[in-house]
Amino acid sequence: MKAVPRTRSLPALLAALTLVLASLLALAPGARADTGVSTIARALRQSPVYVDPAARDQLSAADAETLAKQIKDAGKPLFLTVLPAGYPTANLFANLRSATGVTGLYGIRLGDRFDARADSSVMSATARRNLVSSVQGEDAKAQLTDFTDRALANMGGHAPKSWGGSAGDGGGASTTALVTAGVVLVAAGAGGYALVRRGRRRREQEQRAALDRLRVVVDEDITAFGEELDRLDFHPSEPGADDTMRADYERALDAYETAKQRMAAAAKPEDVRSVTEAVEDGRFSLAQLAARREHRPLPERRPPCFFDPRHGPSATDATWTPPGGAPRQVPVCAADATRLADGRDPVIREVDTEYGRRPYWDAGPAYGPWAGGYFGGGLLPGLLVGTLLGGMMATPSYAADYGTGYGDFGSGGYEGGDVSGTDFDAGDFGGGFGDGGGFDGGGGGDFGGGF
């Protein structure tokens with residue numbers, strides 16, 4: 001029988017928290033180190049604003065205190081750092097994010113330059129680039145104030161639990177305050193651990209319930225795909241069959257088996273994306289096989305019909321306007337294209353909800369991974385904008401429960417302010433400092449590469 005992992009005992013937990021107390025004491029006066037990334041990270045875990053001693057002419061202690069209070073009051077994971085012009089910039093964002101270990105938005109004023117990076121669950125790369133561009137050319141105080149005002153109004157997440165004590169220039173809290181904080185941590189450790197465990201169990205229960213609802217729809221998809229295989233009635237040894245046809249058929253069969261196996265192994269809603277990816281791939285292989293048997297031109301690779309992926313690969317794009325929404329182009333099968341052209345409603349995939357049968361895009365957040373497997377993250381924003389599912393997927397809270405929103409349904413799961421350690425997408429923090437993706441040229445994600 002498989003061993004059941006043991007939870008940590010209370011003595012072990014208290015011992016671990018004692019180490020936290022020792023770390024806090026290391027920040028006391030007399031224990032300061034040179035201003036490296038680790039020093040900055042320790043300060044940011046205690047307060048949202050750090051001003052390097054060599055850069056205090058850029059932002060006064062009083063101004064830093066004001067910004068820190070504003071950020072704390074807003075309860076958002078915004079981290080600001082002010083550094084001198086000569087500070088090394090190579091991999092600065094990624095290294096700082098790793099050392100701090102907290103999911104959030106990181107802004108750095110370096111000399112007279114400014115840039116920022118963010119985890120995608122906190123702010124999208126596009127929003128972050130636009131935000132950085134909007135504050136370029138200002139003096140330090142005005143720039144950091146404007147950046148803070150605009151960031152707090154547009155970012156997601158919550159303040160990290162580690163913030164406390166005096167905010168401001170990163171000079172450190174008093175020894176008494178640190179000792180008191182450590183004692184409180186140790187005393188509250190057992191209760192806090194119990195709360196975390198209860199929260200984790202509640203989230204797991206919610207995910208299981210969502211997966212159970214989703215399983216019904218995915219099983220319908222797999223069954224429909226199997227019926228398509230049967231209707232095709234292809235035999236590898238039939239007259240006229242060649243190696244390319246047999247290869248198409250083999251891929252379709254493999255996709256059918258893969259989809260069944262992946263669905264059987266699915267443990268959370270985001271696992272479903274790989275299932276519908278397999279079904280979509282199998283349907284395209286069937287479309288190729290049908291074209292070869294009928295001596296028609298091979299179909300181009302297109303996404304499935306938006307209204308119901310069981311309709312198969314789309315034949316064209318058509319304009320569709322959801323109730324109360326804006327018009328958009330969606331991929332549609334030939335039959336639905338004809339219906340729309342005639343002014344009729346398309347045949348829409350509806351699923352069971354607590355409010356009755358609804359289109360899948362109005363049925364709840366669990367259908368994000370399901371749709372992502374069929375349409376891919378890059379296509380979804382335009383298709384789902386203005387729908388219930390589209391609105392949910394664009395929020396940071398969606399990432400915590402069902403993936404990380406558009407384009408990435410299976411990784412991460414941390415909200416802004418959560419401690420993820422080094423578990424973050426390095427692409428979020430890449431590029432060079434000052435290029436809109438970081439310092440020193442490059443590009444890419446929010447936290448990788450150089451500054």
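Visitor: Which residues in α2 are buried?

Guide: Buried means under 20% relative accessible area, with exposed over 50% and partly exposed in between (1.4 Å probe, protein chains only). In α2, these are Thr-39, Ile-40, Ala-41, Ala-43 and Leu-44. They pack against β1, β2 and α4 (92-100), where contact means heavy atoms within 4.5 Å. Note that this is a predicted model: local features need pLDDT of at least 70, side-chain atom pairs count only at pLDDT 80 or more, and totals for chains, interfaces and linings use all residues. Residues are numbered from 1 along each chain as its sequence is written, and side-chain values use heavy atoms, with hydrogens and water left out.

Visitor: In what order do the 4 strands form the sheet?

Guide: Helices (H or I, at least four residues) and strands (E, at least two) are DSSP runs numbered from the N terminus, and two strands pair if DSSP finds at least two bridges between them. Here the order is β1-β2-β3-β4, in an open sheet with mixed pairing. Since β1 (49-51) and β4 (113-118) each have a single partner strand, one side of each is left without a neighbour in the sheet.

Visitor: How many bridges join β3 to β4?

Guide: There are 6, and the two strands run antiparallel. Leu-110 stands opposite Arg-113 in β4.

Visitor: At what angle do the axes of α5 and α6 cross?

Guide: Axes are lines fitted to C-alpha atoms, for helices over the stretch in contact, and angles run from 0 to 180 degrees between N-to-C directions. The axes of α5 and α6 (residues 140-154) cross at roughly 155° and come within 9 Å.
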